[in-house]
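Here is a short briefing on one protein chain. Look over the sequence and the fold first, then read the notes below.

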Amino acid sequence: MSVHSGYKPRGMYFEDFMIGNSIVTSRRTVTLTDIVNFACLSGDHNAPHIDHEFCKTQSYGEPIAHGPLILAIAGGLQCLSGINDGTIVAMTGLDEWRMHLPVKAGDTIHAVITPKIKKLTSSGIKGIVTCDRLVINQRGETVHSMVISNMYKCKPHQPE
């Protein structure tokens, strides 16, 4: 018997997503280490992210997180919520991504994911779920917003 034979996905299947029913993730504090590590990983060493003296001359006053870093953290928070575990097939699109406010080291963010469109694929065994995803800071402000589409498995057919 395989060690994995008892595995049961804990994620949401296509059918489990309800239009308009929001999913709220856990929170995560963004650190200066996150910002520096992302600059090194991505090669994006632009002044707003790493030059403290430059940042003092800007309205935000200190280094701010890269937009793609916040996008990645929001994806990680969605993953940590469990909804993708064993049921997500692929991300199929990201639209209308906007950065509304800067995210600084010490800000704590979470995501609110609200399904707005569901479409079964032609195979009938997968479906696309399109969601509004908001990233909210500790003050309740929306710092990023986007429309994200992911493909999920449909529930396995149970024998009658």
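**Briefing: an aromatic pair and its setting**

Phe 17 and Tyr 152 are both buried. They belong to a predicted model. The structure holds one aromatic pair.

**Ring contacts**
- Another ring, that of Phe 14, has Lys 118 over its face, at 4.8 Å from the ring centre.

**Fold**
- Four helices and six strands make up the elements of the chain.
- Their order from the N terminus is β-β-α-α-α-α-β-β-β-β.
- Take the contacts between residues at least 6 apart in sequence: 71% of them join residues at least 24 apart.

**Extent and surface**
- Along the principal axes, the C-alpha atoms fill a box of roughly 70 × 40 × 25 Å.
- The chain has 160 residues, and 39% of them count as buried.
- Its accessible surface is about 9200 Å². Carbon and sulfur atoms account for 56% of that surface.

**Charge**
- The chain carries 15 positive and 14 negative side chains.
- The centres of these two sets lie 6 Å apart.

Conventions: Residues are numbered from 1 along each chain as its sequence is written. This is a predicted model: local features need pLDDT of at least 70, side-chain atom pairs count only at pLDDT 80 or more; totals for chains, interfaces and linings use all residues. Side-chain values use heavy atoms; hydrogens and water are left out. Helices (H or I, at least four residues) and strands (E, at least two) are DSSP runs, numbered from the N terminus. Buried means under 20% relative accessible area, exposed over 50%, partly exposed in between (1.4 Å probe, protein chains only). Contact means heavy atoms within 4.5 Å. Accessible areas come from the Shrake-Rupley method with a 1.4 Å probe; for residues, only the protein chains shown count as cover. Lys and Arg count as positive and Asp and Glu as negative; His and the chain ends are not counted. The place of a charge is taken as NZ of Lys, CZ of Arg, CG of Asp or CD of Glu. Rings of Phe, Tyr and Trp (its six-membered ring) pair if their centres lie within 6.5 Å; planes under 30 degrees apart count as stacked, over 60 as edge-to-face and the rest as tilted. A charge sits over a ring if NZ of Lys or CZ of Arg is within 6 Å of the ring centre and within 35 degrees of the ring normal.
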